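Student: I am new to this model and would like to understand the words used for it. Could we take the terms in turn and set each against its definition?

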Amino acid sequence: MRFSAIILASRPASLRRCLESLAAAQPKEGFECLLVLNDDAQACAEVAESFTGRIAGLRLIRGAPASLGGARNAALRAAEGEWLCFLDDDVTVPPSYFSVLEEKSLRYPEACAIGGPNLTPAASPLFERCLGHLLGSWLGAGPMRRRCAAFDGDTWTDDRSLILCNLSFRRDALLREGLCFDEELVRNEENLLLEQLFSGGRRALHAPELRVYHERRATLAAFSRQCFLSGKGRAEMTLKRPSSLSAVHLAPQLLFLGLLGFFRQPWLCALLAAAYGAAAAFNAVFLALRHSEGAGALGWLLLTLPAAHLSYAAGFLAGLPSGLLRRLAAVSLDRAQSAPLHAD
């Protein structure tokens with residue numbers, strides 16, 4: 001078995017579009033597709049059943065743990081492919097997807113993971129297109145923008161340029177290191193797994209040709225929640241692996257605390273707010289012009305930038321105490337289990 005496509009299924013309508021694209025892209029041999037049923041399991045199962053015979057090796061995994069890491073580990077244990085191709089149920093892949101992955105895996109045999117950009121579908125509503133523009137910009141996402149904007153060519157990279165909606169792992173690299181996804185993290189489980197691989201001397205590749213088309217969140221509230229959980233996952237990951245934290249991960253928190261008056265200097269808070277507002281306005285105009293969007297995009301581009309940064313910061317700050325309590329509980333449990341028993 002060459003490729004195992006692994007999808008956590010929770011959105012029936014999106015899942016149908018995803019499977020339609022996989023049916024057109026699947027290799028003629030050496031392919032299987034594993035669907036882990038999560039939320040709305042019955043509706044997703046009915047969608048999957050309609051593709052029986054159209055997608056090779058289509059299998060359903062039921063009763064997996066509720067956590068994202070646990071659900072993916074259930075599929076990881078069941079998969080038989082040399083490459084484990086993780087996709088979200090709200091992505092579609094082009095017909096050339098697996099042929100590109102095949103070519104990259106042969107050209108770069110030292111790669112333990114290969115991923116690429118997740119692009120916004122051209123037919124998306126204006127709000128979703130604006131999210132894609134924002135996530136692919138320097139001010140919006142910093143070095144993580146490569147997840148949406150891509151590099152110019154194949155590039156060895158770290159976890160900041162890779163994302164699990166379009167990421168494949170070499171199965172034997174995980175098995176040799178005895179690695180799997182962390183089942184405690186609310187998000188960022190792939191980032192921690194990549195960091196563990198890198199610490200063992202492994203390398204990961206970003207291939208811009210290996211693209212998927214990813215549906216963005218449809219509302220500002222849903223997008224803000226996504227950013228909040230991303231920040232919370234980063235905080236929880238930091239407590240598990242402090243060396244993974246970089247300055248770019250702290251920038252939204254400094255902005256958040258500054259705007260709340262944490263620095264106790266009103267003039268400094270006012271200066272920070274003015275500078276950020278000016279940068280946001282410039283970024284909105286620049287992105288609208290660059291992507292040939294009309295004036296209607298300016299409002300969304302202005303609004304979604306602070307929503308992304310402040311939601312991420314709030315999530316990070318919320319994740320520190322919850323993650324710390326979980327770590328302390330785990331340490332206490334380990335000590336209790338390893339303590340010697342004394343007879344009365």
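Student: Which residues does Asp88 touch, not counting residues up to four places away in sequence?
Tutor: Leaving those neighbours aside, Asp88 touches Ile7, Cys18, Arg72, Leu164, Cys165 and His214, where a contact means heavy atoms within 4.5 Å. Please keep in mind that this is a predicted model, in which local features need pLDDT of at least 70 and side-chain atom pairs count only at pLDDT 80 or more, while totals for chains, interfaces and linings use all residues. Residues are numbered from 1 along each chain as its sequence is written, and side-chain values use heavy atoms, with hydrogens and water left out.

Student: Where does Asp88 lie, and what makes it count as buried?
Tutor: Asp88 is placed in strand β4, residues 83-88, a strand being a DSSP run of E with at least two residues, as a helix is a run of H or I with at least four, both numbered from the N terminus. The relative accessible area of Asp88 is 18%, and buried means under 20% (exposed is over 50%, partly exposed in between, with a 1.4 Å probe and protein chains only), so Asp88 falls on the buried side.

Student: Why is Thr304 called buried, and which residues does it touch beyond four places in sequence?
Tutor: Thr304, which is found in helix α13 (residues 296-338), has 0% relative accessibility and therefore counts as buried. Once residues up to four places away in sequence are set aside, Thr304 touches Phe127, Leu131, Leu134, Leu220 and Phe223. A polar atom of the Thr304 side chain also lies 2.7 Å from the backbone oxygen of Trp300.

Student: What makes helix α5 largely enclosed by the rest of the structure?
Tutor: Helix α5 covers residues 126-135, and seven of its 10 residues are buried, which is why it is described as largely enclosed. The buried residues are Phe127, Glu128, Cys130, Leu131, Gly132, His133 and Leu134.

Student: How do you know that Asn73 is buried, and how far is it from Cys180 in sequence and in space?
Tutor: Asn73 belongs to helix α3 (residues 68-78), and its relative accessibility of 2% makes it count as buried. Asn73 and Cys180 are 107 residues apart in sequence, yet their C-alpha atoms are 6.4 Å apart in space. Apart from neighbours within four places in sequence, Asn73 is in contact with Cys180, Phe181 and Glu183.

Student: Why are helices α1 and α2 called roughly parallel?
Tutor: The axes of α1 (residues 12-25) and α2 (residues 41-49) come within 9 Å and cross at roughly 25°. Axes are lines fitted to C-alpha atoms, for helices over the stretch in contact, with angles running from 0 to 180 degrees between N-to-C directions. Angles under 35 degrees count as roughly parallel, over 145 as roughly antiparallel, 65 to 115 as roughly perpendicular and the rest as oblique, and α1 and α2 are therefore roughly parallel to each other. Their contact is made by Pro12, Leu15, Arg16 and Leu19 of α1 and by Ala43, Cys44, Val47 and Ala48 of α2.

Student: How do you know how helix α9 runs relative to helix α10?
Tutor: The axes of α9 (residues 189-199) and α10 (residues 220-240) come within 9 Å and cross at roughly 30°. This value makes α9 roughly parallel to α10. Asn191, Leu192 and Glu195 in α9 meet Arg234, Met237 and Lys240 in α10.

Key. A polar contact is a pair of N or O atoms within 3.5 Å; within protein, one must be able to donate a hydrogen and the other to accept it, and residues adjacent in sequence count only if both atoms are side-chain atoms.
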